[in-house]
Amino acid sequence: MLFSVPENIDIIIISDSNSVFIQHILETHGLYDRIMNIFTNPANFDQDGRLVVTPFTDQETCGICERNLCKGDALKLHLDRMTGARRKYDRVLYVGDGKNDVCPCLKLGKNDVIFARAGYRLEEELKKMQDNNKKIDAEVVIWHDANVIFEHI
Ligand SMILES: [Zn+2]
């Protein structure tokens, strides 16, 4: 079943991929204009047709994320910008699957929801944290099918 995301939901992408790849995928599926912001490694093709990817940032403050992108910082940057624009969110719905999704998940509150893809590293890391009594404030929903996410929306 195909769902569409309601217009009153802002969608951002935080990805350790690159801008060329993400833009291509979004445009192929007619979704590029629906995305409010993309935090990723800038990329372009050079004169020889090679894809040149540069780091989104060079951070050393977060020990969870890679130096080129702290997903938690990117999420906070977006939320701060929206607060500055007087746009307040009722909740954050965070969809992820990688180990680098742990950092932003730790920044979420009790009204927020983490959608962790079943069988992937984020699910494993969240389970380890729960087993070690490390607190996650947000609700955790394991998904194997995007319909699970849309049902929550
Ligand atoms: Zn981080």
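Biologist: What makes strand E6 and strand E7 a pair?

Modeller: This is a predicted model, so all of this is read from predicted atoms. Two strands pair if DSSP finds at least two bridges between them. E6 (residues 113-117) and E7 (residues 139-143) have five bridges, in the parallel sense, and therefore they pair. Ile114 stands opposite Val140 in E7.

Biologist: What do E6, helix H4 and E7 make?

Modeller: They make a right-handed β-α-β unit, with H4 covering residues 121-131.

Biologist: Why is the unit called right-handed?

Modeller: Point the strands away from you. A path from the first strand over the helix to the second that runs clockwise is right-handed. The unit of E6, H4 and E7 has that hand.

Biologist: How do you know that E5 and E6 pair?

Modeller: The cut-off is at least two bridges. E5 and E6 have four, in the parallel sense, so they count as a pair. Val95 stands opposite Phe115 in E6.

Biologist: Which residues of E5 are on its covered face, and which on its uncovered one?

Modeller: Tyr94 and Gly96 form the covered face. Leu93 and Val95 form the uncovered one.

Biologist: Which residue does UniProt list for "binding site"?

Modeller: The UniProt record, an unreviewed entry, lists Asp97. Asp97 is in the loop between strand E5 (93-96) and helix H3 (102-106).

Biologist: Why is Asp97 called partly exposed?

Modeller: Buried means under 20% relative accessible area, and exposed means over 50%. Asp97 has 29%, so it is partly exposed.

Biologist: What is Asp97 in contact with, leaving aside its neighbours within four places in sequence?

Modeller: Asp97 is in contact with Arg117, Tyr120, Arg121 and Leu122.

Biologist: Now the metal. Which residues coordinate the zinc ion?

Modeller: Cys62, Cys65, Cys70 and Cys103 do, each through its SG atom, at 2.2 to 2.4 Å. The cut-off for a donor here is within 2.8 Å, so these SG atoms count. The donor residues are spaced C-x2-C-x4-C-x32-C in sequence. Cys62 and Cys70 are buried.

Biologist: Why is the site of the zinc ion called tetrahedral?

Modeller: Four donors count as tetrahedral if all angles lie between 85 and 135 degrees. The angles among the four donor atoms of the zinc ion are 103 to 114°, so the site is tetrahedral. The ideal angle for four tetrahedral donors is 109.5 degrees.

Biologist: What is the phi of Arg86?

Modeller: Phi of Arg86 is near 60°, a positive value in a residue other than glycine. Arg86 is in the loop between helix H2 (71-84) and E5.

Biologist: Is Arg86 buried or exposed, and how do you know?

Modeller: Arg86 has a relative accessible area of 79%. The cut-off is over 50%, so Arg86 is exposed.

Biologist: What about Asn133?

Modeller: Asn133 has a positive phi of about 55°, although it is not a glycine. Asn133 is in the loop between H4 and E7. Its relative accessibility is 71%, over the 50% cut-off, so Asn133 counts as exposed.

Biologist: What makes Ile38 partly exposed?

Modeller: Ile38 has 26% relative accessibility. That is between the cut-offs of 20% and 50%, so Ile38 counts as partly exposed. Ile38 lies in strand E2 (residues 37-41).

Biologist: How many residues apart in sequence are Ile38 and Ile11?

Modeller: They are 27 residues apart in sequence, and 9.0 Å apart in space, C-alpha to C-alpha. Leaving aside neighbours within four places in sequence, the contacts of Ile38 are Ile13, Ile22, Leu26 and Tyr32.

Note on methods. Residues are numbered from 1 along each chain as its sequence is written. This is a predicted model: local features need pLDDT of at least 70, side-chain atom pairs count only at pLDDT 80 or more; totals for chains, interfaces and linings use all residues. Side-chain values use heavy atoms; hydrogens and water are left out. Donors are N, O and S atoms within 2.8 Å of the metal (3.2 Å for Na, K and Ca); water is not among the atoms, so sites may look incomplete. Four donors count as tetrahedral if all angles lie between 85 and 135 degrees; four count as square planar and six as octahedral if opposite donors are over 155 degrees apart and all others between 65 and 115; anything else is irregular. Buried means under 20% relative accessible area, exposed over 50%, partly exposed in between (1.4 Å probe, protein chains only). UniProt positions are given in the numbering used here, feature names are shortened, and annotations may be inferred rather than shown by experiment. Helices (H or I, at least four residues) and strands (E, at least two) are DSSP runs, numbered from the N terminus. Contact means heavy atoms within 4.5 Å.
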